[in-house]
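I opened this notebook to record what I looked up in the structure. My entries follow in the order in which I made them.

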Amino acid sequence: MVTNTYRPDAIEAAVGVAKWLRARGNDVWVDSDTARHVELPVVRNSEFGEADLVVAFGGDGTLIRAVHLCADFGTPILGVYFGRFGFVTQCTHEYLESCLTDFLEGRCSIESRMMLDAELMRAGQTVAHLSALNETVLQRAVVARMMTFQVTVDGHVLTSYPADGIIVATPTGSTAYNLSAGGPILDPKVHALVLTAIAPHTLNSRTLVLAAESEIVLKVQSHGDAVLSADGQTRLHLLSGDEVRVRKSTRMTNLVSVQKDDFLIKLGQRLLWSYSPVGDSL
Ligand SMILES: NC(=O)c1ccc[n+]([C@@H]2O[C@H](COP(=O)([O-])OP(=O)(O)OC[C@H]3O[C@@H](n4cnc5c(N)ncnc54)[C@H](O)[C@@H]3O)[C@@H](O)[C@H]2O)c1
Ligand SMILES: Nc1ncnc2c1ncn2[C@@H]1O[C@H](COP(=O)(O)OP(=O)(O)OP(=O)(O)O)[C@@H](O)[C@H]1O
C-alpha cells in the first residue's frame with residue numbers, strides 16, 4: 001500500500017484495509033513513506049514486483065507515485081480516492097471492500113495504459129531514461145525568458161516553437177497538463193502521442209496527435225536553462241546541445257478496472273463536461 005502521508009484519513013483507511021486483508025489471509029506491506037506513520041512491514045522499492053496488487057490511498061499524485069514504483073513490473077494498481085481531483089483513481093473508500101473482494105476472487109479486469117520513455121542524450125550518449133504515465137515535458141527553468149524548442153518527428157524537422165515548453169502526453173495524460181495547455185482530450189484506450197506547446201508565441205501552433213509508434217526528438221535551440229520532467233515528479237536539468245528522444249515505452253501501467261465507462265463518467269463529473277449552460281431543454 002502507498003498513501004498520501006499528508007492525509008490522516010488516507011493513512012487511517014490504509015490501516016483499516018490492512019486489517020481486513022490480513023483477516024482474510026493476505027500479507028500486507030507498505031512503502032517506506034507510509035511505514036513512518038503505521039506499524040506495518042515495509043516493502044523496498046525494488047520489491048513492488050512481488051506484490052499481487054498495489055493499493056494507493058490519495059489523489060492522482062499518490063497514484064502516479066505508485067505507478068512509478070510499479071513501472072518496471074506491471075503490478076496492478078488500485079487508486080482509492082482521498083484527493084482533490086482524483087481523475088485517474090478508480091474507487092472510493094465506500095466501495096473498496098467490494099472491489100478488493102472482486103479482485104481476490106478473480107472477477108476484476110485490468111486496463112493497461114500506455115506509458116512514455118524519454119531518453120536524455122548528451123554528446124551522442126544516453127545519460128538518463130525517464131518513464132511517464134501522463135507526460136514528458138521539456139520547459140524553461142527560469143521564469144523570465146522564452147525559449148525556442150526544435151521538434152523532430154520520425155527524422156523530419158517539424159518546427160521550432162518559441163514557447164515556455166513542449167509537452168508530449170499519453171492519452172491518460174491528455175486530461176492533465178496537456179488539457180491546461182489547450183491540448184485535446186483523448187480516450188485513454190486510444191493509442192497515440194499528443195504534442196502540445198506551452199504558451200507558444202505564434203499564431204500557427206496547433207496540437208498534433210501522432211501515431212503511438214512515432215519518435216519525437218526535442219532540442220533547445222536558444223540559450224537558457226531547461227528542465228526535463230516526467231509526470232511532474234522526476235526532473236533533470238539539460239545542458240546545451242542535449243537532445244530528448246520520446247517514444248512509447250515498452251512498459252505499461254496496469255490499472256484495476258472498477259467501473260465500466262470510468263473515463264466518460266469522470267469527464268462528466270470531474271471535468272464538468274456534462275454541464276450545459278442551457279440545461280437539458282434543447
Ligand atoms: N498547469 C497545469 O495544469 C499543470 C502544471 C504542472 C503539472 N501538471 C500535472 O500534474 C501532474 C502530476 O500530478 P500531481 O497530483 O502529482 O501534481 P499536482 O498536485 O501539481 O496536481 C496537478 C493536478 O493534475 C491532476 N491530474 C494529474 N494527472 C491527471 C490526469 N491524468 N488526468 C486528469 N487530471 C490529472 C491532479 O489531480 C491535480 O489536480 C503532471 O503529470 C501534470 O500533468 C499540471
Ligand atoms: N508520502 C509522500 N511522499 C512524497 N510525496 C507525497 C507523499 N504523499 C503525497 N505526496 C505528494 O503530495 C502531492 C499531493 O498528493 P495527491 O496528489 O495524492 O493529493 P491531491 O493533490 O489532494 O489530489 P489530486 O492529485 O487528485 O488533486 C502529490 O504530488 C503527491 O505525490
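**Entry 1: the shell around ligand 2**

I looked up which element gives the most to the shell around ligand 2, and found helix 3 (residues 60-70), with 4 residues. I took helices (H or I, at least four residues) and strands (E, at least two) as DSSP runs, numbered from the N terminus. I noted that this is a predicted model, in which local features need pLDDT of at least 70 and side-chain atom pairs count only at pLDDT 80 or more, while totals for chains, interfaces and linings use all residues. Residues are numbered from 1 along each chain as its sequence is written, chains are lettered from A and ligands numbered from 1 in the order in which they are written, and side-chain values use heavy atoms, with hydrogens and water left out.

I found 16 residues surrounding ligand 2, the closest being Thr 5, Gly 59, Thr 62, Arg 84 and Gly 86. A residue was taken as near if one of its heavy atoms lies within 4 Å.

**Entry 2: atoms at ligand 2**

I looked up backbone N or O atoms facing oxygen atoms of ligand 2: one of Asp 60 lies at 2.9 Å, and one of Gly 61 at 2.8 Å. For Arg 65, I recorded a side-chain N or O atom 3.3 Å from a nitrogen atom of the ligand. Ligand 2 taken alone exposes 610 Å², and the protein buries 74% of that (Shrake-Rupley method, 1.4 Å probe).

**Entry 3: Lys 260**

I located Lys 260 in the loop between strand 15 (243-257) and helix 6 (262-269).

How values were computed. A polar contact is a pair of N or O atoms within 3.5 Å; within protein, one must be able to donate a hydrogen and the other to accept it, and residues adjacent in sequence count only if both atoms are side-chain atoms.
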